[in-house]
Amino acid sequence: MKSVRTSPHIHGPLRTDRAMLFVIIALLPSALWGIWAFGLRALLVLLVSIASALLVEYLLGLVSKEFTLKDYSAAVTGLLVGMNMPPSIPLYIPVIASAFAIAVVKWTFGGLGCNWMNPALAGRVFVFFSFTSQMSAFSLPRWMALDAVSSATPLSAMKTAAAGGAVGNSAQLLQGTIPSTDFALSIASRLGISPYAVDAFFGNVGGCIGEVSALLLLAGGIFLLATKIITWRIPVVYIGSFAILSWMFGGIPYGQGLFNGEILVPVFSGGLMLGAFFMATDWVTTPTTPKGEIIFAVGCGFFTFLIRYFGSLPEGVSLAIIMMNIITPTIDRFVRVKPFGYVKKTKEKEAKA
């Protein structure tokens, strides 16, 4: 039996299935770009991830007598799991990730609306630490690949350079490690920015299937904002706080000192855009107040920065969001909405009373 809190309740015209369908529509451009960039293998990974999530959801629905496939939440989880996978990943790994996300993270705590962390992120982190080498082998786009697989992404290459004591900006650190397109070199020379930032923005870099094109992820995020599925606070504050910290302290590991850190390459690379717009904004695992959302987003930005620049991993988005998911109940406990009609008593009024 599920408990129901007393009134008042907030009602709205938006249904769960409609919201999830909008999320799928917003993710499709980036997913299709991943398929175009990495070939049919990427499509197979996405289909296996979605099918595994739907199958586990259906089987658990048979046990609990709650059939929730029609709300599209399992499809969204499976799609996000697939988009967080390298295109060359063995197919059993996305199966495990989707099964873990649905069975352990979502259904163990009561199903949709009861999970305490984002299921797709939890599935990704579980298989990342279980199959680290496979999860770290990234393919380059077909029009850039010299070999079948390249393990270097902008973030991993910069992390390796920092570990080796290299000094310089992103263009200097990545030169000779990751190829740049002629288009990126042309744009970068005109704007005075790193060509790797241009390639990462348009999707001409290696990485997971659904995270390589910052432009298409940004377009999907704007669509969710326009349809009011998400609010601006978490993605904008998350990306903004990370960018500020990267500018202020990001140059330290590369011998550049304070206020000399790179901004565009770290913001456009890795899973930041995907995480900020599509996973950090999960309704269930984020604070319920506007002020709480801002605190949550700043925490995501801080932990992402800390892990990327001073941790042992080149990427930190998944772990940062999960850590803030854990802190969300504490944020909601101390950041509360003022009750309707409440008037704060002053000391003078209390003395008169």
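Begin by selecting α2 and α4, whose axes (lines fitted to C-alpha atoms over the stretch in contact) come within 8 Å and cross at roughly 35°, where angles run from 0 to 180 degrees between N-to-C directions. Bear in mind that this is a predicted model, in which local features need pLDDT of at least 70 and side-chain atom pairs count only at pLDDT 80 or more, while totals for chains, interfaces and linings use all residues. Residues are numbered from 1 along each chain as its sequence is written, and side-chain values use heavy atoms, with hydrogens and water left out. Helices here are DSSP runs of H or I with at least four residues, numbered from the N terminus.

The crossing of α2 and α4 is right-handed, a term used when the near helix is turned clockwise from the far one by less than a right angle. To see the contact (heavy atoms within 4.5 Å), show Val45, Val48, Ser49, Ser52, Ala53, Val56, Glu57, Leu60, Gly61 and Ser64 on α2, together with Pro94, Val95, Ser98, Ala99, Ile102, Ala103, Lys106 and Trp107 on α4. By class, the residues of this contact are 11 nonpolar, five polar and two charged, where Ala, Val, Leu, Ile, Met, Phe, Trp, Tyr, Cys and Pro count as nonpolar, Asp, Glu, Lys and Arg as charged, and the others, Gly among them, as polar.

Next, zoom in on Lys106 and Glu57, whose side chains meet in a salt bridge at 3.0 Å, N to O; the term requires a side-chain nitrogen of Lys or Arg within 4 Å of a carboxyl oxygen of Asp or Glu. This pair links distant parts of the chain, with Lys106 in helix α4 (residues 92–107) and Glu57 in helix α2, 49 residues apart. Four salt bridges are found in the whole structure.

The contact of α2 with α3 divides into 10 nonpolar, four polar and one charged.

Now turn to the largest pocket, with a volume of about 690 Å³. On a 1 Å grid over the protein atoms alone, a pocket is an open set of points with protein on both sides within 12 Å along at least five of seven lines, whereas a cavity is a set where a 1.4 Å probe fits but cannot get out; lining residues have an atom within 4 Å of a point. Grid points are joined across faces, edges and corners, and a volume is the space filled by probe spheres set on the points. Of the 25 lining residues, select Met20, Leu112, Asp282, Trp283 and Val284, the closest to the pocket centre. The lining comprises 16 nonpolar, seven polar and two charged residues.

Finally, look for the two cavities of 30 Å³ or more. The largest cavity, with about 70 Å³ of space, is lined by Leu155, Met158, Lys159, Tyr254, Pro266, Arg308, Tyr309 and Pro314, and α7 gives the most to this lining, with three residues. The second largest cavity holds about 40 Å³, and its lining divides into three nonpolar, three polar and three charged residues, among them Arg124, Glu211 and Glu315.

Definitions and conventions:
Helices (H or I, at least four residues) and strands (E, at least two) are DSSP runs, numbered from the N terminus.
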